[in-house]
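Open the structure in your viewer and get ready to select residues. This tour moves from strands to pockets.

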Amino acid sequence: MKQFELNDGTMIPSVGFGVFMIPNDGPTYDAVLEALKAGYRHIDTAAGYMNESDVGKAIKDSGIDRSEIFITSKLWLQDYGYENAKIGIDNSLKLLGVDYIDLYLLHQPYGDYLGAWKALEEAKEEGKLKSIGISNITVNLWRKFKDGMHVMPSVNQVEFNPFTQQKELRNEMAKDNIRLEAWYPLGHGNKDLLTNPTILSLAEKYNKNAGQIILRWINQEGVISLPKSTNPARVKGNIDIFDFELTDEEMNAIRALDTGKGTHNPEDPANETRLMGLKIHD
Ligand code: A2P
């Protein structure tokens, strides 16, 4: 598995297994064990997914050394603000059953964001969190929060795929060497993307499937991807992308597919209201 370097010197496996929307108490446990067996060494969960305990159990039962597995989790909005965030971080550690988390993100850009960020900065200093980052941050939101941060985030996890290339955001993040992580790297199974003629012709040339071409392109763009699949063959296939290389011309052909839009606008007040209302504990 190819690794990328983050701006704090940490190495991160460039493809991770995402467990968004996989239920706890069994399904997440099975999926993570399967992913680890298939060769994944990077699992992306979140307090808000409510499946951190299954992730932790699967990692323990896998028999793979903790130090070989990169765990990402995220703080939910309900636990924002400095004091609440400290409790939220400890709760993630407890549910995962680990004494450090490799990467911990502020999941959504609302509420007492900078108070929560301060708690992440301190937890990084204490060694509870190895790296810290942000998620769903647009250029405007970045400009709003950046000056209140002492430690620069290592990643910004956002929607990213050939149809949603976040060009302006990437330029902005590059100034502080903040690496992009892609959620919905396969467009969440978007048929138009997965049957796009440019992608399909490359799939034929390299004897890969459409998803593998997209994930290889994302990898060559230097972006970490978090593909999701419930199909064992595709789970395996989605990390089998390191035995071929797209040419500059092919990279450009996929770059030309950008629509400049995505499915989620973090700046939409309706999203803020909806997400602020989601409670994950009493
Ligand atoms: P499945 O679970 O049947 O594999 P995203 O990661 O962007 O959210 O996309 C996930 C969707 O893409 C799921 O519907 C998943 O379906 C599908 N998918 C995952 N891997 C591939 C692949 N290699 N080729 C085509 N579709 C894929």
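Start at Ile 134. Its bridge partner in E8 is Asn 156. Now select both strands: E7 (residues 129-135) and E8 (residues 155-159) pair in the parallel sense over two bridges. Strands here are DSSP runs (E, at least two residues), as are helices (H or I, at least four), numbered from the N terminus. Two strands pair if DSSP finds at least two bridges between them.

The model is predicted: local features need pLDDT of at least 70, side-chain atom pairs count only at pLDDT 80 or more, and totals for chains, interfaces and linings use all residues. Residues are numbered from 1 along each chain as its sequence is written, and side-chain values use heavy atoms, without hydrogens and water.

Next, select Phe 20, Trp 183, Tyr 184, His 188 and Lys 228. Of the 40 residues lining the largest pocket, these lie nearest its centre. Helix H7 (191-194), helix H9 (210-220) and helix H12 (269-276) each give two or more residues to this lining. A pocket is an open set of points on a 1 Å grid over the protein atoms alone, where a 1.4 Å probe fits, with protein on both sides within 12 Å along at least five of seven lines; lining residues have an atom within 4 Å of a point.

Last stop: Thr 138, Gln 166, Leu 169, Gly 260 and Pro 266. They lie nearest the centre of the second largest pocket, which 22 residues line. Helix H5 (139-145), E8 and helix H6 (167-174) each give two or more.
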